[in-house]
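Please look over the sequence and structure before reading on.

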Amino acid sequence: MENLKAVNKRKNKLGMRKKGFIIAFLAPTLIAFCVFYLYPIITVFVTSFCKWDYTNITSPEFFGWSNLWDNYDYIFNKYPFFWEALRNSTTWAILGAVVQIPIATLIALALSRKVKGIKFVRNVYIIPNMISTAAMGIVFLQLYNPSYGIINPIIRLFHKDFTDNILLLKGSAFVAMTCAYIFFTGTTTLMILGNIMAVPEEVREAAMLDGASGLKQDWHITIPMIKGTLKTVSVLAATSGFLLYNEVYFLTKGAAGTYSISYIIRELAITSPRTQFGRANAVAMIQILAGMVIILVINFVYSVSFKKEKK
Amino acid sequence: MKKTKSGRGINSMPAGTRIVTYICLVWALVVSLVPLGWLVLSSLKKDPMARPGFQLPETICLDGYISTFRDLHVLRYFGNSLFVAGVSVMISVVMISMSAYVVARMEFKGKALVNILLYSTMFIPATALTYPVYNLVNRLHLYDTRSALILIYSCSGIAVSFFVIKNYYDNIPRELEEAARIDGCGYVQTWVKVIFPIARPGIMTAAVLAFLNNWNEYYWASLVLITREKLTVPALLSTFTTAFNTNYNGLFSAMVIIILPPVLLYCIFSRFFIEALSGGAVKG
């Protein structure tokens with residue numbers, strides 16, 4: 001009996017120590033989570049229902065239940081740039097999943113083959129992704145410059161008298177901005193390539209015996225095997241497309257119909273002389289919800305399309 | 001069957017596949033080299049306005065490079081970036097490798113919740129948190145200090161580091177810890193002396209990815225810093241378009257210099273970067 005008690009006591013002491021260790025090791029990350037994510041999200045949610053702008057900076061004021069949706073009403077019905085920004089951001093999100101990912105996959109497949117000089121191409125292709133998107137934004141700003149860039153001379157081959165700045169024309173500004181980032185898929189390509197290389201050699205050999213080689217083999221064997229990675233990178237590409245900010249800031253500052261959701265949040269909350277914190281946070285709530293919708297949609301698309309494949 | 005026919009050799013593939021492969025490879029080279037090549041070319045022209053596009057310069061002009069180092073003090077901004085990115089990576093990686101260990105190896109109440117909370121940060125758009133974070137920085141009296149950026153960078157990007165490191169822990173055999181415990185190591189000792197050194201490759205991967213992100217980060221840097229002397233490299237860029245006015249030679253040279261360090265670093269350590277980004281499956 002005595003002995004058992006002693007053992008129990010020691011176990012208890014050990015348990016306490018273990019508990020202390022767990023708490024001590026988890027605490028820093030959890031504090032960081034609360035500081036940077038939890039507290040801000042709660043603030044965003046609560047104050048999106050508050051009158052809070054440059055007139056009452058220190059004391060947000062709850063609208064009351066009857067006027068609960070005032071900020072959202074303003075954003076949807078009165079704020080002139082919201083729908084434009086939402087349309088643009090959504091388009092960029094879709095382009096991320098349907099343009100960037102196929103390009104990244106095709107290049108990853110090409111890089112997975114045994115060709116002379118393949119390492120060189122692979123290493124070079126990552127370089128633009130090592131540079132900040134802010135710097136790439138400025139590089140493209142110069143490329144698009146009508147007086148010394150390289151885009152206008154190319155356009156002049158087809159339209160002789162073209163002297164406009166393509167970043168100031170509606171439509172072409174959107175396309176130009178998209179081209180400034182969409183083709184740089186280096187890191188995504190590398191993640192996909194890592195997965196392709198991890199496909200066991202026996203699987204390929206079996207497919208070869210069945211007469212499937214090259215792209216045919218990739219389509220029927222490789223792609224289904226790496227669908228998990230493809231789904232993850234699709235979510236990442238779509239999300240980062242939806243959040244586009246740097247390109248907008250450096251190339252057009254929202255001119256010619258190129259506002260993005262991130263851009264209007266910052267404009268409402270910080271840049272504008274009449275800051276509208278409550279309304280900015282209402283847009284932020286919409287951005288958070290849209291992020292969830294993106295994840296759900298991509299998950300749904302992937303589960304449906306790969307089920308079909310199996311049949 | 002010969003090794004060369006193992007399914008990846010280009011010569012054994014159908015003509016269509018070969019053509020597509022070569023198109024992809026050429027495309028990859030064009031996309032990544034043309035903009036940067038043009039940038040370097042333009043930086044060597046005395047007046048890029050006079051010889052636009054891909055025209056070669058009449059004489060090679062290095063004035064812009066000289067004045068970038070002399071007048072712009074770029075080294076100061078590199079120092080700022082290095083300081084902010086370095087310190088925040090150290091904080092976040094140590095912090096996360098501690099928590100990831102607990103989550104990977106111990107059973108406790110609320111483990112699932114911790115997992116979900118940390119995972120969810122991957123999908124919370126940082127820009128949505130603009131004003132609360134900005135407000136917090138102000139209230140802590142950190143506005144326009146490098147500490148504010150260190151705080152933000154240490155706390156953001158938890159999810160990626162957490163999963164990279166936790167994955168690595170999952171692959172370390174449990175016997176190692178048990179042996180250490182039998183030798184009389186406490187929990188903390190076991191982690192410091194046994195687990196941390198073994199997990200170093202995984203932790204380094206997370207650190208490299210985080211450093212790259214922080215080095216290139218523009219959104220927060222331009223939000224919380226205004227004093228020119230404190231700016232990080234990306235934040236400095238937004239002053240470029242006005243600072244150089246019509247001195248295009250200076251502008252192009254400064255941009256080349258700004259872009260160079262990460263590219264050089266990559267060229268030296270490309271093997272390391274590539275293994276880190278591809279999850280170790282691609283050898284550099």
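**Helix packing and chain contact**

The crossing of α3(A) and α8(A) is right-handed; a crossing counts as right-handed if the near helix is turned clockwise from the far one by less than a right angle, and left-handed if anticlockwise. Helices are DSSP runs (H or I, at least four residues), numbered from the N terminus. This is a predicted model, in which local features need pLDDT of at least 70, side-chain atom pairs count only at pLDDT 80 or more, and totals for chains, interfaces and linings use all residues; side-chain values use heavy atoms, without hydrogens and water. Residues are numbered from 1 along each chain as its sequence is written, while chains are lettered from A and ligands numbered from 1 in the order in which they are written.

**α3 against α8 in chain A**

- Helix α3 (residues 82-111) of chain A packs on helix α8 (residues 186-197) of chain A at an angle of about 50 degrees, with the axes 8 Å apart.
- Axes are lines fitted to C-alpha atoms, for helices over the stretch in contact, and angles run from 0 to 180 degrees between N-to-C directions.
- That angle makes α3(A) oblique to α8(A), because angles under 35 degrees count as roughly parallel, over 145 as roughly antiparallel, 65 to 115 as roughly perpendicular and the rest as oblique.
- From α3(A), the residues A:I101, A:A104, A:T105, A:I107, A:A108, A:L109 and A:L111 meet A:T188, A:T189, A:I192, A:L193 and A:I196 of α8(A); contact means heavy atoms within 4.5 Å.
- By class, this contact of α3(A) with α8(A) holds nine nonpolar, three polar and no charged residues.
- Ala, Val, Leu, Ile, Met, Phe, Trp, Tyr, Cys and Pro count as nonpolar, Asp, Glu, Lys and Arg as charged, and the others, Gly among them, as polar.

**α3 against α7 in chain A**

- The axes of α3(A) and helix α7 (residues 172-179) of chain A come within 12 Å and cross at roughly 40 degrees.
- That makes α3(A) oblique to α7(A).
- This crossing of α3(A) with α7(A) is right-handed.
- A:N88, A:T91, A:W92 and A:L95 of α3(A) touch A:F174, A:M177 and A:T178 of α7(A).
- The residues divide into four nonpolar, three polar and no charged.

**Between the chains**

- Chain B gives 100 residues to the contact and chain A gives 93 residues.
- The two chains bury about 8,900 Å² between them, 79% of it on carbon and sulfur atoms; buried area is the accessible area (1.4 Å probe) that two parts lose on being put together, summed over both.
- In chain B, B:R8, B:Y131 and B:Y187 lose the most area to chain A, together 9% of what that side buries.
- Helix α13 (residues 261-271) of chain A crosses helix α5 (residues 130-139) of chain B at roughly 30 degrees, and their axes come within 9 Å.
- The crossing of α13(A) and α5(B) is right-handed.
- A:I265, A:A269 and A:I270 of α13(A) contact B:T130, B:Y131 and B:Y134 of α5(B).
- That contact has five nonpolar, one polar and no charged residues.

**Around B:L82**

- B:L82 lies in helix α3 (residues 74-105) of chain B.
- B:L82 touches B:V87, B:F211 and B:W215, not counting residues up to four places away in sequence.

**Confidence**

- The model scores ipTM 0.83 and pTM 0.86.
- Chain B averages a pLDDT of 85, and 96% of its residues score at least 70; pLDDT is the predictor's confidence in each residue, from 0 to 100.

Methods. Helices (H or I, at least four residues) and strands (E, at least two) are DSSP runs, numbered from the N terminus.
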